[in-house]
Amino acid sequence: MRLPARLFRQLSLACAMLVPCAAAMAEPSAIYLLRHGEKMSENGDPDLTPQGRARAQHVSILLHRVGITHIFSTPTNRTRQTAEPLAQKTGLTVQVYDPRNPKALVEKVKGLSGAVLVVGHSNTLPELVRLFGGAPGADIGDKEYDRLYQLTPGAGGVNTVLFTTP
């Protein structure tokens, strides 16, 4: 069946107007940014300490019911081990991102829906918070492992809530 030209143009226009709306709806409902748990040493690619593993378990309990749909981690052992308990609880796969290219991660996450967890490092999280439109606050200290950001988009911009983890 062939549509009349006028009806075809009207349908094309309607579809074109829907595409930006669909893209806007793909924005995440919340972005959680977390520094990895306590690490075994300052050298190489260390694993988490028992305290760091316990912190990762606590975070998985805290975030299990917020509707996390995607989990991102840098490729280091400590960040992947921090993300893994939540991934196991939710059945999600931890997706690795390059901490040297934060803008690529931000663009990818902004195209997702649902709540997203990003696990990173003390020297990368503040920049990620800024790129997502949030307020990172003070720098993260070398021995500070309990900071958890919650960024939620709103009419006036991104709302930043800073939690501490047990």
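Trainee: How many helices and strands are there in the protein chain?
Mentor: The protein chain has five helices and six strands. Here helices (H or I, at least four residues) and strands (E, at least two) are DSSP runs, numbered from the N terminus. The model is predicted: local features need pLDDT of at least 70, side-chain atom pairs count only at pLDDT 80 or more, and totals for chains, interfaces and linings use all residues. Residues are numbered from 1 along each chain as its sequence is written, and side-chain values use heavy atoms, with hydrogens and water left out.

Trainee: What pattern does the chain follow along the sequence?
Mentor: The protein chain reads α-β-α-β-α-β-α-β-α-β-β.

Trainee: In what order do the strands stand in the sheet?
Mentor: The six strands form an open sheet in the order 3-2-4-1-5-6, with mixed pairing. Two strands pair if DSSP finds at least two bridges between them.

Trainee: Which strands stand at the edges?
Mentor: Strand 3 (94–96) and strand 6 (157–164) do; each has a single partner strand, so one side of each is left without a neighbour in the sheet. On average, neighbouring strands of this sheet are turned by 25 degrees against each other, direction ignored. Angles run from 0 to 180 degrees between N-to-C directions, and axes are lines fitted to C-alpha atoms, for helices over the stretch in contact.

Trainee: What packs on the sheet?
Mentor: Helix 3 packs on the sheet and touches strand 1, strand 2, strand 3 and strand 4, its direction making about 160 degrees with that of strand 2. Helix 4 (residues 102–110) also packs there, touching strand 1, strand 2, strand 3 and strand 4; its direction makes about 170 degrees with that of strand 2. Contact means heavy atoms within 4.5 Å.

Trainee: Let us turn to strand 4. Is strand 4 largely enclosed or left open?
Mentor: Six of the six residues of strand 4 (residues 115–120) are buried, so strand 4 is largely enclosed by the rest of the structure. Buried means under 20% relative accessible area, exposed over 50%, and partly exposed in between (1.4 Å probe, protein chains only).

Trainee: Which residues point which way from strand 4?
Mentor: Ala-115, Leu-117 and Val-119 point one way, while Val-116, Val-118 and Gly-120 point the other way, and all are buried.

Trainee: In what sense does strand 4 pair with strand 1 and strand 2?
Mentor: Strand 1 (residues 30–35) pairs with strand 4 in the parallel sense over six bridges. In that pairing, Ile-31 stands opposite Val-116, and Leu-34 stands opposite Val-119. Strand 2 (residues 68–73) and strand 4 also pair in the parallel sense, over five bridges, with Ile-71 opposite Leu-117.

Trainee: And how many bridges join strand 5 to strand 1 and to strand 6?
Mentor: Strand 1 and strand 5 (residues 147–154) run antiparallel and are joined by four bridges; Tyr-32 stands opposite Gln-150 there. Strand 5 and strand 6 are antiparallel as well, joined by eight bridges, and Tyr-149 stands opposite Leu-162. A hairpin through two residues joins strand 5 to strand 6.

Trainee: New topic: at what angle do helix 2 and helix 3 cross?
Mentor: The axes of helix 2 (residues 50–63) and helix 3 (residues 77–90) come within 8 Å and cross at roughly 40 degrees. That makes helix 2 oblique to helix 3; angles under 35 degrees count as roughly parallel, over 145 as roughly antiparallel, 65 to 115 as roughly perpendicular and the rest as oblique.

Trainee: Which residues make that contact?
Mentor: Helix 2 contributes Arg-53, Ala-56, Gln-57, Ser-60, Ile-61 and Leu-63, and helix 3 contributes Gln-81, Thr-82, Pro-85, Leu-86 and Lys-89.

Trainee: Now Leu-128. Is Leu-128 buried or exposed?
Mentor: Leu-128 lies in helix 5 (residues 125–131) and counts as buried, at 1% relative accessibility. Not counting residues up to four places away in sequence, Leu-128 touches Leu-33, Tyr-97, Pro-102, Leu-105, Val-106 and Val-118.

Trainee: Last one: where is Pro-75 found?
Mentor: Pro-75 is in the loop between strand 2 and helix 3. Pro-75 is partly exposed, with a relative accessible area of 44%. Leaving aside neighbours within four places in sequence, Pro-75 is in contact with Arg-80, Val-96, Tyr-97 and Pro-99.
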